[in-house]
Amino acid sequence: MIKIDRVGLEKLDDLVEIDKNNFDDSWNKEMFKKELEHENSQYYALFNDDKIIGFLGGWYVAKEYQINKFVIDKPHQDKKLGQLFLIYVMELYKTTKGIEKSTIEVRESNKKAIKVYTKAGFDVVGRRPDYYQNNNEDAYVMIREFCDEY
């Protein structure tokens with residue numbers, strides 16, 4: 001059964017493993033620990049039964065949610081789970097916190113992710129040159145504005 005739930009340090013090892021399996025520039029355990037301990041950090045996981053198959057997290061500050069990590073584990077990609085998961089979390093923030101804006105950075109070459117974000121209501125609004133340290137690839141800055149949705 002698919003479910004979504006908030007997660008924290010109790011799932012640290014699972015988040016690190018999924019991140020490592022899906023990104024060349026994954027965060028190490030200490031980086032994740034600091035992220036999860038940050039006072040504004042809020043992370044959600046997508047579960048298939050009791051197994052995490054994806055997660056989304058970032059910082060909620062002043063009616064804005066900055067997405068710092070979003071991943072669906074490779075065996076579960078291309079099934080629209082990422083799109084549905086992202087839309088669900090955005091709607092959760094819209095209805096429970098009155099969010100005004102959400103932002104995310106994405107590699108220019110990550111066409112699949114850009115498509116998911118666009119279908120979830122995000123628009124490209126800028127570019128960060130040499131954003132990714134492992135290969136100096138540029139990142140698109142994508143934003144979803146919620147002000148017009150209320």
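On a 1 Å grid over the protein atoms alone, a pocket is an open set of points where a 1.4 Å probe fits, with protein on both sides within 12 Å along at least five of seven lines. Grid points are joined across faces, edges and corners, and a volume is the space filled by probe spheres set on the points.

Before selecting anything, note that this is a predicted model, in which local features need pLDDT of at least 70, side-chain atom pairs count only at pLDDT 80 or more, and totals for chains, interfaces and linings use all residues. Residues are numbered from 1 along each chain as its sequence is written, and side-chain values use heavy atoms, with hydrogens and water left out.

**Stop 1: the largest pocket**

The largest pocket has a volume of about 1,300 Å³. Select Phe-23, Phe-70, Asn-110, Ala-113 and Tyr-117: of the 38 lining residues (those with an atom within 4 Å of a point), these are the closest to the pocket's centre. Now colour strand 4 (64–72), helix 3, strand 5 (101–107) and helix 4 (111–119), the elements that give two or more residues to the lining. Helices (H or I, at least four residues) and strands (E, at least two) are DSSP runs, numbered from the N terminus. Strand 4 gives the largest share, 7 residues. By type, the lining divides into 15 nonpolar, 11 polar and 12 charged residues. Here Ala, Val, Leu, Ile, Met, Phe, Trp, Tyr, Cys and Pro count as nonpolar, Asp, Glu, Lys and Arg as charged, and the others, Gly among them, as polar.

**Stop 2: helix 3**

Next, select helix 3, which has 17 residues and reaches 23 Å from its first C-alpha to its last, close to the 24 Å expected (1.5 Å times one less than its number of residues). Its buried residues (under 20% relative accessible area with a 1.4 Å probe, protein chains only; exposed is over 50%, partly exposed in between) include Phe-85, Val-89 and Tyr-93. Just after the helix, Gly-98 takes a positive phi of about 65°.

**Stop 3: aromatic rings**

Rings of Phe, Tyr and Trp (its six-membered ring) pair if their centres lie within 6.5 Å; planes under 30 degrees apart count as stacked, over 60 as edge-to-face and the rest as tilted. Tyr-60 lies in strand 3 (residues 51–61) and Tyr-93 in helix 3 (residues 81–97), so the pair ties together parts 33 residues apart in sequence. Both tyrosines are buried.

A charge sits over a ring if NZ of Lys or CZ of Arg is within 6 Å of the ring centre and within 35 degrees of the ring normal. Lys-3 does this with Phe-47, at 5.3 Å from the ring centre. Then pick Trp-27, Phe-32, Tyr-43 and Phe-55, which form one aromatic cluster.

**Stop 4: loops and a lysine**

Most residues other than glycine have a negative phi. Asp-49, in the loop between strand 2 (41–48) and strand 3, has a positive phi of about 60°, and at 49% relative accessibility it counts as partly exposed. Lys-80, in the loop between strand 4 and helix 3, has a positive phi near 70° and is exposed at 54%.

Finish in helix 4 with Lys-115, exposed at 52%. Its C-alpha atom is separated by 9.0 Å from that of Gln-83, 32 residues away along the chain.
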